[in-house]
Amino acid sequence: MLIAQISDPHVRPAGQLYQGVVDSNRMFEEAIAHLHGLDRRPDLVLLTGDLVDEGRPDEYAEVRTRLAKLDIPYLVIAGNHDERENFRAAFADHAYLPRTGALHYCVDEHPVRIVALDSCIPGLHHGGVDAEGLAWLQRTLQADRKKPTLLMLHHPPFMSGIPYMDAYRYMDTAPLEAIVRGAGNVERVLCGHVHRTMLRRWAGTVVCSCPSSTTEIALQLKADAAPASYLGRPGCMLHLWDEAHGMVSHVSHIGAMAGPYPFA
Ligand SMILES: [Fe+2]
């Protein structure tokens, strides 16, 4: 099974630029075209939050217009730039999304079980899950301790070392870590939010953050670094699952490359 991941497209209303300078709508469309152009068609696409920038209905209308061109099944989770109720309304036809409350869900119709945890706290930018959500996760993971499972949530449950991102991190990771560690069959924890690829061993599995299809957060590690982002090489991720070989995660850059050159 090939699972693609697109994150943090930060779509804007038609004709408006992200941060006033970046055409995030066009870049989202390019990310979708990139998936269609891969030499192996993904079986499923995961969109790991910040689908839009300001949580506005006219932004979600743009997201749906562009996603209408995606000819691969997809699942969505919200990020801190999404607005829960506008998000829910925009994806009202997605039956896996709960009708009320936090947007936790489990989709168990593929060779890999997909568990989605809503790490957003309405009105705030940092992440966390309340006791009810954690209890839901524990029950959901306990229900199948064998099938390979992907857990996705917007906020990575670790310190990135980039100070202006860590101010908006998933704050209290210990209860979540205990639940995931107890499961034993979580192949990967997939996140967005930090607009960069990062890896960390965590809770007996691997946490992996996906690049944004739009901008990169500047890689600055000094404690007093000023917040910055830039237009780098946009990307998505491809998670290749095979029962014999496990899960391998690739970054797939979007856009033209030099080459091909002879393989050596
Ligand atoms: Fe984002």
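**Talking through a predicted model**

Modeller: Let's start with two strands: β12 (residues 235-242) and β13 (residues 246-253) pair in the antiparallel sense over 8 bridges. Keep in mind that this is a predicted model.

Biologist: What makes β12 and β13 count as paired strands?

Modeller: Pairing requires at least two bridges between two strands, and β12 and β13 have 8. In this pair, Met 237 stands opposite Val 251 in β13. The two strands also form a hairpin, with 3 residues between them.

Biologist: Why is strand β7 described as largely enclosed by the rest of the structure?

Modeller: A residue is buried when its relative accessible area is under 20%. In β7 (residues 186-191), 5 of the 6 residues are buried, so the strand is largely enclosed.

Biologist: Which strands pair with β7, and in what sense?

Modeller: Strand β6 (residues 149-152) pairs with β7 in the parallel sense over 4 bridges, and there Leu 150 stands opposite Arg 188. Strand β9 (residues 205-209) also pairs with β7 in the parallel sense, over 3 bridges.

Biologist: Which residues meet where α4 and α6 pack?

Modeller: From α4 come Leu 134, Leu 137, Gln 138 and Leu 141, which meet Pro 175, Leu 176, Ile 179, Val 180 and Ala 183 in α6.

Biologist: Now the iron ion: what makes Asp 8, His 10, Asp 50 and His 195 its protein donors?

Modeller: A donor atom must lie within 2.8 Å of the metal. The OD atoms of Asp 8 and Asp 50 and the NE2 atoms of His 10 and His 195 lie 2.1 to 2.3 Å from the iron ion. Along the chain, the donors follow the spacing D-x1-H-x39-D-x144-H. Asp 50, in the loop between β2 (44-48) and α2 (57-67), and His 195, in the loop between β7 and β8 (198-202), are 145 residues apart and link distant parts of the chain. Both Asp 50 and His 195 are buried.

Biologist: Why is the site of the iron ion called irregular?

Modeller: Tetrahedral would need all angles between 85 and 135 degrees, but the angles among the 4 donor atoms run from 89 to 178°. Square planar has its own limits for opposite donors and for the others, and the site is classed as irregular.

Notes
Residues numbered from 1 in each chain as written. Predicted model: local features only at pLDDT ≥ 70, side-chain atom pairs only at ≥ 80, totals over all residues. Heavy atoms only, no water. Buried < 20%, exposed > 50% of the residue type's maximum accessible area, 1.4 Å probe, protein only. Donors = N, O, S within 2.8 Å, 3.2 Å for Na, K, Ca; no water. Tetrahedral: all angles 85-135°; square planar, octahedral: opposite > 155°, others 65-115°. Contact = heavy atoms within 4.5 Å.
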